[in-house]
Amino acid sequence: DVVVILASNRPDLIDPAVLRPGRIDRKIKVGRPDREEAANIARIYLTLNLPYDRDELSAHNNDAALVRDALIEEVVTQLFRRDDDTRVLSIRLRNGKRETLYRNDVLSGAILASIVRRVKERAIERTIQDAEAGITRDDIAIAIENEYAEGGILPPDDSAEEWLKLLDHHPDQVVSVSPLGKSGSNRELPIRNII
């Protein structure tokens, strides 16, 4: 009566011998969180007992639950925004289509947890200077920018194979990837077929 659960965010690194028929009863792929799921994940980490900015509190009748919900909505809005600043990657598929991927297309629960950790760290740094300081909307915007810039989420611009590991497309269907960083680089990287 033992149940063994294997979990990986890198199934490409699992030894194929482990995946042979009869060794794992069920395989379940957990997709990327949508807006509602992202809000639920953020709610786990943005708890009511955190110090929230006094201006945010007074704008919400000193109700920490309302402030938390407003900040969670800000997190979700920022992460699911689709504009030039949130573009991550352009891919060209074998069928000739091009797709642009945005931040939310590479979002995970771990990324959300890391963003909220960054938000808390910024607030703690300010609280050391001013005991009345707390979490602000600016903390969220800065934490999201820093997580995508510094968090190791995105592979190096010259590594097409590493980019493929982030995609929800089968690698055989992708012809090339073009990272769309703020550096303005839009160089197309061809995908090598691995036989």
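Modeller: Let's start with a rule: a residue is exposed when its relative accessible area is over 50%, buried when that value is under 20%, and partly exposed in between. Keep in mind that we're looking at a predicted model.

Biologist: Okay, let me try it. Is N61 buried or exposed?

Modeller: N61 has a relative accessible area of 69%, so it is exposed. You'll find N61 in the loop between α3 and α4. N62 has its place in that loop too, and at 61% relative accessibility N62 is also exposed.

Biologist: What about the backbone there? Which value does phi of N61 come near?

Modeller: Phi of N61 is near 55 degrees, which is a positive value in a residue other than glycine. For N62, phi is likewise positive and near 55 degrees, and N62 isn't a glycine either.

Biologist: Which residues of α4 are buried?

Modeller: There's a list, and among them are V67, A70, L71, I72, V75, V76 and L79, along with R68, E74 and Q78. The buried residues of α4 pack against α2 (35–45), α3 (54–59), α5 (109–129) and α6 (137–150).

Biologist: Now for charges. How many salt bridges are there?

Modeller: Side chains of opposite charge can pair when their charged atoms come close. The count in this model comes to 14 salt bridges. D105 and R82 form one of them, with N and O 3.2 Å apart. D105 is in the loop between β2 (98–102) and α5, while R82 is in the loop between α4 and β1 (87–93), so this pair ties together parts that are 23 residues apart in sequence. R82 is partly exposed, at 46% relative accessibility.

Biologist: And where do D139 and R122 sit?

Modeller: First, their side chains meet in a salt bridge, 3.0 Å from N to O. D139 belongs to helix α6 and R122 to helix α5, so-called distant parts of the chain, 17 residues apart. D139 is buried, at 0% relative accessibility, whereas R122 is partly exposed at 29%.

Biologist: Which residues are linked in a network of salt bridges?

Modeller: That would be R43, R68 and D69.

Biologist: Last one: which residues make the nonpolar surface patch?

Modeller: V2, V4, L6, I14, V18 and L19 make a patch of about 540 Å². Take V4: it lies in the segment before α1 (16–19), and at 65% relative accessibility V4 is exposed.

Methods: Residues numbered from 1 in each chain as written. Predicted model: local features only at pLDDT ≥ 70, side-chain atom pairs only at ≥ 80, totals over all residues. Heavy atoms only, no water. Buried < 20%, exposed > 50% of the residue type's maximum accessible area, 1.4 Å probe, protein only. Helix = DSSP H or I, 4+ residues; strand = E, 2+ residues; numbered from the N terminus. Contact = heavy atoms within 4.5 Å. Patch = residues over 30% accessible without salt bridge, like charges linked within 9 Å, V, L, I, M, F, W, Y side chains within 5 Å. Areas by Shrake-Rupley, 256 points an atom, 1.4 Å probe, with all protein chains shown as cover. Salt bridge = Lys/Arg side-chain N within 4 Å of Asp/Glu carboxyl O.
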